[in-house]
Amino acid sequence: MAVQAYDPLAGERTPEGPQFDVFLAGTVFLDIIFTGLPAMPAAGTEIWAEGMGSCPGGIANLAIATSRLGLRTSLAAAFGDDDYGDFCWRTLEEQESVDLSRSRRFEHWHSPVTVSMAVDRDRSMVTHGHPAPMPASEMIGTPPRSKAVIVTLSPKEPLGTPGAASNWAELAHRDGALIFADVGWDPSGAWSRSLLDQLSVCHAFMPNATEAMAYTGTDTPRDALYAIADKVPLAVVTDGANGAMAIDSVTGEEAFVPAPRVTALDPTGAGDVFGAGFVLGTLSRWPLADRLAFAGVCAALAVQEFGGSLAAPGWGDIADWWHEVRAAAGRSGAYGSSLARRYAFLDRLVPSVPVGAVRRAAATIARYADVGTASQASAKRPDEPEDPDTPRVPAQKE
């Protein structure tokens, strides 16, 4: 019998509680990632990449990140009826345990595709896609009950507009869901502050430092944090390798937590992974500093791997990292001791690798038939190193 997935919210659940912890809606892309490039190809030339991976991207980055952490996740998205759509649907539903009951397949709609090329710590992307065949609110109808929804603020489907029809996130909010909001890059450079009016119906806002300063017209991340805290109960500003800061007016807490030192290989989806960890900590009612620290280490683990969504850590990865930090604390200098103190709260969460803990998967579209037999692949120990092009579902082990 399969081991049940580790459930960090088991103590919070009641029979009458919501069906899902997180409900999401957005666009799923097929991401094809080339890694280890010596340089970007010049016009008329060809270069070889050391590695590549394929995985669902876009909103799938967030859906997989939340599901990997044990949050019961439901996703509404349009999927094409092509092989790309088949692969993304199968990966999300079967491998990553994301509910797709509010998603739909559309005939003759080409799945959006992004090709990402990583050189050193930078990346360039090429994307092809078409508008979704149906608006998200029309496709969703009445959203399922959930503890939280995570949205990106947009002028196209604004939240909290008087006299306008409620979109899916507002309907979920009326049914008890907390709205965690993010915001995207503004290519126009306008950075309209009116976009932040939508925060009137949100519980939390989690922009990065550049976006936060641009939308609030401030000069420092901390000033931006205070400006955001005037508009929303839970304000968070992430600042990459510098860490993250937050103000929770509900609990009266304010905190800044530096990011763990890591060698970043691929930043794809790091913000989504941070958001997933922070939402889990908030739903679990952890202290604010612990929420920021947990979200930060989730993001740090993700950027050490190539592969976008499938680089998101599971509880097995988090437990492995914490055991290494704890073991090295007495012989790794002041930084190691500081790290062990900062993350001591993980002892109560992962005293050992939790039963059913998930570890990250390799990012590939290959089938077993492409790279070897299923029996050969399954004969490997779950924690044994694999060829980078070999598919592996996340190991579930004690």
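How many bridges join strand β11 to β12, and do the two run parallel or antiparallel? I would like to begin there, and to say at once that what we are looking at is a predicted model. Two bridges join β11, residues 204-205, to β12, and the two strands run parallel. In that pairing, Phe205 stands opposite Ala235 of β12.

On to the next partner of β12, which is strand β13, residues 244-248: here the pairing is antiparallel and extends over five bridges, with Met245 in β13 as the bridge partner of Val237. The two strands form a hairpin with five residues between them, and within this hairpin Gly240 takes a positive phi, near 55 degrees.

Now, is β12 itself buried or exposed? Five of the five residues of this strand, 234-238, are buried, so β12 is largely enclosed by the rest of the structure. If you follow the side chains, Leu234, Val236 and Thr238 point one way from the strand, whereas Ala235 and Val237 point the other way, and all of them are buried.

Stepping back, these strands belong to an open sheet of eight strands, in the order β4-β1-β9-β10-β11-β12-β13-β14, and its pairing is mixed. The edge strands are β4, residues 73-76, and β14, residues 253-257, each of which pairs on one side only.

If we take the contacts with a separation of 6 or more, residues 24 or more positions apart account for 70% of them.

Let me turn to the helices, and to α1, residues 59-68. Ten of the ten residues of α1 are buried, so this helix, too, is largely enclosed by the rest of the structure. The buried residues include Ile59, Leu62 and Ile64, but also Asn61, Thr66, Ser67 and Arg68. After α1 comes Gly70, whose phi is positive, near 90 degrees.

Which residues have the most contacts inside the largest nonpolar core? That core has 74 residues, and the ones with the most contacts inside it are Leu75, Leu92, Phe294, Trp315 and Leu346. Its largest share, ten residues, comes from helix α8, residues 288-303. To take Phe294 as an example, and leaving aside its neighbours within four places in sequence, this residue is in contact with Leu69, Gly277, Leu280, Trp286, Trp315, Ile318, Tyr343, Phe345 and Leu346. Apart from this core lies another, of 39 residues, among them Ala78, Trp168, Ala212 and Ala224.

My last topic is the space inside the protein. With a threshold of 30 Å³ or more, the count comes to one cavity, and about 30 Å³ of space lies in the largest cavity. The elements that give two or more residues to its lining are β5, residues 78-80, and α2, residues 83-95. The lining of this largest cavity is made up of Val28, Ala78, Phe79, Gly80, Tyr84, Gly85, Cys88, Trp109, Ser111 and Pro112, and these divide into seven nonpolar, three polar and no charged residues.

Definitions and conventions:
Residues numbered from 1 in each chain as written. Predicted model: local features only at pLDDT ≥ 70, side-chain atom pairs only at ≥ 80, totals over all residues. Heavy atoms only, no water. Buried < 20%, exposed > 50% of the residue type's maximum accessible area, 1.4 Å probe, protein only. Helix = DSSP H or I, 4+ residues; strand = E, 2+ residues; numbered from the N terminus. Pairing = 2+ DSSP bridges. 1 Å grid on protein atoms, 1.4 Å probe; cavity = no way out; pocket = protein on both sides within 12 Å on 5 of 7 lines; lining within 4 Å. Points joined across faces, edges and corners; volume = space filled by probe spheres on them. Nonpolar A, V, L, I, M, F, W, Y, C, P; charged D, E, K, R; others polar. Core = buried A, V, L, I, M, F, W, Y, C linked by side-chain atoms within 4.5 Å. Contact = heavy atoms within 4.5 Å.
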